[in-house]
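This report describes a protein structure for a reader who is new to the subject. Please look over the sequence and the 3D view before reading on.

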Amino acid sequence: MGLQELWFVLIAVLFTGYFVLEGFDFGVGMLMPVLGRGKDAVADTRRRVLLNTIGPVWDGNEVWLLTAGGALFAAFPEWYATLFSGFYLPLLLILLALIVRVCAIEYRGKIDDPTWRRRWDLGIMVGSWVPAVLWGVAFANIVRGVAIDEDKQYVGGFFALLNPYALLGGATTALVFALHGAVFLALKTGDEVRADAVKLAHRLSIPTVVVAGVFVLWTQLAYGKGWTAILVAVAAVALVAVVALTRLEREGWAFVFTTVAIAATIVLLFGSLFPNVMPSTLNDAWSLTIENASSSPYTLKVMTWAAAIMTPVVLIYQGWTYWVFRQRISTHHIPKSIGLTVGAERS
Amino acid sequence: MDVLDLSRWQFGITTVYHFILVPLTIGLAPMIAIMQTMWVVTKKDHWYRLTKFFGKLFLINFALGVATGIVQEFQFGMNWSEYSRFVGDVFGAPLALEGLVAFFLESTFLGLWIFGWSRLPKLLHLATIWLVAIGVNASAFFIIAANSFMQHPVGAIYNPDTGRAELTSIWTLLTNNTALAAFPHTVAGAFLTAGTFVAGIGGWWMVRNMRRAKQATDVAEAERLEGEARTMFRPGTRLGLLVMMIAGVAVIFTGDVQAKLMFQQQPMKMASAESLCDTQVDPNFSILTIGTHNDCEGVTHLIEVPFVLPYLAEGQFTGVELQGVQDLQLQYEEQFGPGNYRPNLFVTYWSFRAMIGLGVGSLALALAGLWVTRGGRLPDQKWFGWLSIAAIPTPFLANSAGWIFTEMGRQPWVVHPNPTGVDMIRLTVDQGVSDHAPATVIASLVAFTLVYAALGVVWFWLIRRYTIEGPLPHDVHPPGHDEPDDGRPKQLSFAY
């Protein structure tokens with residue numbers, strides 16, 4: 001395997017890590033208004049249970065995206081440039097959503113006031129839904145191919161990105177992340193929150209199988225290769241297994257299988273793409289490939305060393321963090337709010 | 001406005017915004033690590049209270065720092081795609097390294113620090129905040145190395161077949177003398193910012209407690225207030241003052257090293273900083289000029305000091321010839337073809353002066369603070385309370401002024417040609433910008449500006465609110481660190 005192929009794989013690994021880890025973060029944020037509905041203090045404690053399942057880890061999970069972006073810039077600068085200048089508006093919306101979400105998670109508990117919390121809860125919800133949908137739209141468009149001219153510029157405009165296949169991709173990521181989040185919550189919470197999460201996960205699993213099934217099948221038929229059919233099978237089996245496992249309340253295994261389903265889908269997308277990185281719908285010769293979009297061999301070699309040394313270290317300490325915070329969280333674990341009041345200071 | 005101006009404004013606004021928050025994070029993380037270390041070593045609970053108090057302010061700041069940083073990782077591709085194509089081979093490497101080495105470290109271990117108070121053993125928990133402190137500073141190194149390539153490209157060659165700069169030595173890139181000067185200068189500025197922040201807030205609280213103690217009718221209450229000022233705010237303030245003094249000296253020393261490098265590597269930037277229009281032997285250092293002077297005709301120097309500028313440039317007081325803006329313009333036209341190679345003279349002149357001049361805020365607080373706390377004294381002078389608060393914004397403004405000078409001084413270049421490097425590794429901003437419709441960039445410019453402004457108001461309000469609230473009563477004693485994890489339901493020591 002050459003360095004260009006290796007870096008194509010590493011980019012796929014970074015995005016897989018991002019979608020697996022942030023997938024349930026988004027899912028938790030998307031489901032907060034459902035599982036934490038209500039206006040009273042009890043509902044607020046439930047929302048805090050939900051949020052605190054991802055409390056210590058969501059920031060580290062988000063770094064997978066930043067590192068994927070940096071790695072894309074370093075290994076395939078032409079891909080980075082064409083993708084982010086081409087998909088300008090969707091990316092802008094994703095960034096605004098992520099900005100609001102970061103502050104919403106951190107600032108929500110700082111002030112002990114229902115209105116303050118409700119506004120930030122809205123920020124968490126919107127900040128989770130928007131990227132969950134738009135990442136699917138963006139990746140489906142990358143696989144489908146977009147209007148790239150001979151100067152490697154995207155010339156298709158915003159609305160060309162909203163084609164049926166891409167919208168189905170957006171629906172798929174939204175549903176899969178919501179399911180992944182529900183299963184994660186079932187795994188990480190106790191008491192009645194867990195019971196609700198299990199029920200919701202089961203309910204979500206059925207439409208997810210249908211929508212994601214159509215999407216992976218469409219991907220395979222339109223853009224797939226012979227060997228990627230295996231991934232379609234893996235993703236389908238994993239999702240069907242989730243339906244059964246959530247019914248049986250085996251959320252540990254269900255989480256393993258939603259993870260497998262996400263990984264298989266991302267590998268399917270990248271596998272269908274290879275050796276292109278952004279195919280052109282205008283002319284095959286104008287497509288960006290791992291050959292014409294990559295950095296020089298020296299840069300790839302340096303980056304390979306850095307990734308080979310750092311990735312295992314990162315995986316070990318992030319894994320350890322998950323181990324440290326492995327306990328389930330229930331409403332009785334949530335301490336009294338220590339936020340300040342809006343008005344007068346302590347005398 | 002055209003796309004180039006809009007993109008420059010957007011990058012400028014988002015970066016300046018990010019860098020209001022970043023220096024506080026870089027400097028405050030190690031200071032909180034020191035506070036917590038003091039608690040672990042001395043076992044005195046007031047160090048624990050200080051750690052928690054400044055820890056809360058740190059987290060409020062960290063959140064918005066992260067939020068505004070996300071944009072930067074993608075803005076190169078979004079708005080500066082041609083630049084990204086030209087330098088991606090070189091510039092991408094430190095960005096990816098920053099993610100791999102620094103971002104993962106700081107974000108993961110900050111999560112452990114926030115939520116780990118009663119889940120991790122004391123020393124391991126202390127290690128997490130030190131790793132955060134290392135992470136934020138490592139991140140600064142990589143991004144400054146990337147920026148220094150734009151100021152002074154090294155470690156790369158120009159490949160005529162691909163028409164781009166290609167990395168030849170990562171070691172040369174990371175040991176760029178520009179980076180080795182800019183990194184300590186930036187970090188010293190960050191420590192000065194955090195030191196001023198801690199000393200300012202501590203000083204204000206000392207005065208406040210002492211004045212309240214005087215007015216208190218209840219003896220016990222008066223003793224409590226004075227005791228808090230003595231055991232908590234005084235050591236906190238003194239720590240801030242110590243950091244300020246070390247950082248202040250470092251800022252001056254590293255700034256001098258950096259200026260000497262800039263005179264060699266980017267003479268236009270320094271000539272513009274001095275409004276030095278004509279080439280002169282031993283020019284005077286200008287303190288005040290009037291006029292719009294965005295051109296050489298409108299400049300009137302009012303106050304000038306001899307000997308300073310030659311020393312700043314080459315380390316000797318006389319016998320130094322410095323090139324003026326107009327000669328450099330002619331020279332660049334000859335070298336790189338027709339074009340305007342002058343930065344905005346007004347902005348570079350005043351941002352340079354603002355950067356240096358705003359140091360007065362920290363200096364005044366440092367001197368006054370050392371004086372009023374000498375020999376165990378506890379200040380209750382009203383003026384010192386006001387000075388403590390007034391000094392806090394000055395290093396933030398100085399940081400912004402310094403970066404505005406650095407970045408606007410290299411205009412019109414986005415990759416400034418290295419006078420002793422590869423001639424073809426150079427790019428002007430108009431060659432680097434993405435080919436967008438102006439409306440597209442207006443949309444993002446307005447969206448970022450509004451969202452950032454709203455969040456900035458919330459950030460300031462929260463910092464102010466938590467500062468005025470002071471150390472919280474429930475943070476008096478540390479949570480049960482050493483209780484064994486027996487699996488029984490136990491409340492989290494922290495929950496969002």
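## Terms and model

A residue is called buried when its relative accessible area is under 20%, exposed when it is over 50%, and partly exposed in between, using a 1.4 Å probe and protein chains only. The model is predicted, so local features need pLDDT of at least 70 and side-chain atom pairs count only at pLDDT 80 or more, while totals for chains, interfaces and linings use all residues. Residues are numbered from 1 along each chain as its sequence is written, chains are lettered from A and ligands numbered from 1 in the order in which they are written, and side-chain values use heavy atoms, leaving out hydrogens and water.

## A buried threonine

Thr178(B) has a relative accessible area of 11% and is therefore buried. Thr178(B) belongs to helix α6 of chain B; helices (H or I, at least four residues) and strands (E, at least two) are DSSP runs, numbered from the N terminus. Leaving aside residues up to four places away in sequence, Thr178(B) touches Ser148(B), Gln151(B), His152(B), Leu261(B) and Gln265(B). Contact here means heavy atoms within 4.5 Å.

## Helix α12 of chain B

Helix α12(B) covers residues 359–372, which is 14 residues. The expected span of a helix is 1.5 Å times one less than its number of residues. For α12(B) this gives 20 Å, and the end C-alpha atoms are 20 Å apart, so the two values agree.

Which residues of α12(B) are buried? They are Gly361(B), Ser362(B), Leu365(B), Ala366(B), Ala368(B), Gly369(B) and Val372(B). Their cover includes α6, α7 (219–265), α13 (382–391) and α14 (393–409) of chain B.

## Where the chains meet

Contacts between the chains involve 81 residues of chain B and 81 residues of chain A. The buried area is about 7,400 Å², and carbon and sulfur atoms give 70% of this. Buried area is the accessible area (1.4 Å probe) that two parts lose on being put together, summed over both.

Between chain B and chain A there is 1 salt bridge, a term for a side-chain nitrogen of Lys or Arg within 4 Å of a carboxyl oxygen of Asp or Glu. Arg85(B) forms a salt bridge with Glu78(A), and their closest N and O atoms are 2.8 Å apart. On the side of chain B that touches chain A, at least two residues come from each of α2 (45–79), α3 (81–115), β2 (164–167), α6 (177–215) and α16 (438–469). The largest share, 24 residues, is supplied by α3(B).

## Salt bridges within the chains

Over all chains, the structure holds 27 salt bridges. One of them joins the side chains of Lys152(A) and Glu78(A) at 3.6 Å, N to O. Lys152(A) lies in the loop between α6 (114–144) and α7 (164–188) of chain A, and Glu78(A) lies in helix α4 (residues 77–86), 74 residues apart. Lys152(A) is buried at 19% relative accessible area, as is Glu78(A) at 9%.

In chain B, Arg164(B) and Asp89(B) form a salt bridge of 3.7 Å, N to O. Arg164(B) is in strand β2 and Asp89(B) in helix α3, so the pair ties together parts 75 residues apart in sequence. Arg164(B) is buried at 7%, and Asp89(B) is buried at 0%.
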